[in-house]
Amino acid sequence: MHQLHNLFSGVQPMPPEWRSMLQEIQIITRALPVLSGGALRDWCHGKPVKDLDIFLPCSNEDMLDLDQWFLMTGWQRTQNIPPSCEGLNEVTAVVGYSKLGCTEVNIIFLAHDVDLSPLGVASRNDFGICQISAWVVRGEWHFEFTEAFMQDSLEQTFTLLREGDEARSLRRYERLREKYPNHTLQTPLIPPSTPTYFN
């Protein structure tokens with residue numbers, strides 16, 4: 001955690017309900033749930049967090065068990081969809097939940113043939129600034145992040161690093177511009193002749 005404190009001197013403690021959520025999911029599934037992406041990006045940068053993206057290996061049994069637990073504890077299902085991004089074939093399902101007074105949760109099930117380690121999960125995020133993961137072991141937070149995460153954070157950029165679904169990533173960047181007005185878009189993988197509309 002000291003590296004994040006060095007990079008983000010004003011970072012607040014992780015909300016205890018996030019830890020409780022990961023611990024409960026691990027008890028139910030006996031798998032390691034990994035929090036990654038936008039929630040950690042926004043937490044590090046002092047921005048409001050919209051939802052938690054929690055990644056797990058694909059399992060129909062775990063999907064059913066988690067759904068039962070969420071519904072029994074007062075959560076409502078907000079989405080239950082197959083892969084929404086044609087370029088992200090490793091996503092087998094996304095199930096979202098909401099509960100009054102709680103941060104929304106998306107459970108994202110990944111295929112078993114992808115790198116399911118925390119760093120592997122972080123690295124699959126499209127923008128460098130999103131390439132950070134967290135998980136809980138014996139009640140303590142652990143973090144992994146890429147060099148691209150540090151570079152984007154220090155340089156105030158959104159560097160698009162993933163090929164295959166660029167149009168969706170650019171639409172998402174457009175929505176994030178209000179939250180990150182001082183950050184600029186970098187698209188090293190898109191040929192200069194291709195319009196990005198947001199530069």
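Figure 1. The view is taken from a predicted model. Strand S2 spans residues 51-57 and is mostly covered, with seven of its seven residues buried. Strand S1 (residues 34-36) runs antiparallel to S2 and is joined to it by two bridges. Within this pairing, leucine 35 has isoleucine 54 of S2 as its bridge partner. Strand S5 also pairs with S2, in the parallel sense and over seven bridges. Here the bridge partner of phenylalanine 55 is isoleucine 108 in S5.

Figure 2. Strand S4 comprises residues 91-98; seven of its eight residues are buried, so the strand is largely enclosed by the rest of the structure. Strand S3 (residues 76-81) is antiparallel to S4, and five bridges join the two. Glutamine 79 stands opposite glycine 96 in S4. Strand S5 (residues 104-110) is likewise antiparallel to S4, through six bridges. In this second pairing, alanine 93 faces phenylalanine 109 of S5 as its opposite residue. The hairpin of S4 and S5 has five residues between the strands, and in it glycine 101 adopts a positive phi near 85°.

Figure 3. In soluble globular proteins, nonpolar side chains tend to be buried together. The largest nonpolar core of this model holds 36 residues, of which Leu4, Met14, Leu35, Trp43, Ile54, Ile107 and Trp141 touch the most other members. Helix H2 (residues 16-29) gives the most to this core, contributing five residues. Leucine 4 is in contact with Trp43, Cys44, Ile132, Phe143, Phe145 and Phe149, residues up to four places away in sequence being left out.

**Figure 4. Helix H2 and its buried side.** The 14 residues of H2 should span 20 Å at 1.5 Å a residue, and the C-alpha atoms at its ends are 20 Å apart, which agrees. Trp18, Met21, Leu22, Ile25, Ile28 and Thr29 are the buried residues of H2. They lie on the same side of H2, because they cover an arc of only 125° around the axis. Arginine 30 follows H2 and has a positive phi, near 60°.

Figure 5. Helix H6 covers residues 147-155, and its buried residues are Phe149, Asp152 and Ser153. Seen down the axis of H6, these buried residues fall within an arc of 100°, so they line one face of the helix. The face turned away from the buried side of H6 carries the exposed residues Glu147, Leu154 and Glu155. Glutamine 156, which follows H6, has a positive phi near 55°.

Figure 6. Threonine 157 belongs to strand S8 (residues 157-159). Its relative accessibility is 6%, so threonine 157 counts as buried, the cut-off being under 20%. The side chains of threonine 157 and aspartate 152 are joined by a polar contact of 2.5 Å. Leaving out residues up to four places away in sequence, threonine 157 touches Ile129, Gln151, Asp152, His183, Thr184 and Gln186.

**Figure 7. Surroundings of glutamine 131.** Glutamine 131 is placed in the loop between helix H5 (118-123) and strand S6 (132-137). With a relative accessibility of 5%, glutamine 131 counts as buried. The side chain of glutamine 131 reaches the backbone oxygen of asparagine 125 at 3.0 Å. A polar atom of the glutamine 131 side chain also lies 3.3 Å from the backbone oxygen of serine 123. Apart from neighbours within four places in sequence, glutamine 131 is in contact with Ala122, Ser123, Asn125, Glu144, Phe145, Thr146, Ala148, Phe149 and Leu161. Among these, Phe145 and Phe149 are also touched by leucine 4. Threonine 78 is 53 residues from glutamine 131 along the chain, and the C-alpha atoms of the two are separated by 25 Å.

Terms used. Residues are numbered from 1 along each chain as its sequence is written. This is a predicted model: local features need pLDDT of at least 70, side-chain atom pairs count only at pLDDT 80 or more; totals for chains, interfaces and linings use all residues. Side-chain values use heavy atoms; hydrogens and water are left out. Helices (H or I, at least four residues) and strands (E, at least two) are DSSP runs, numbered from the N terminus. Buried means under 20% relative accessible area, exposed over 50%, partly exposed in between (1.4 Å probe, protein chains only). Contact means heavy atoms within 4.5 Å. A polar contact is a pair of N or O atoms within 3.5 Å; within protein, one must be able to donate a hydrogen and the other to accept it, and residues adjacent in sequence count only if both atoms are side-chain atoms. Two strands pair if DSSP finds at least two bridges between them. A nonpolar core is a set of buried Ala, Val, Leu, Ile, Met, Phe, Trp, Tyr and Cys residues joined through side-chain atoms within 4.5 Å. The expected span of a helix is 1.5 Å times one less than its number of residues. The arc is that of the directions from the helix axis to the C-beta atoms.
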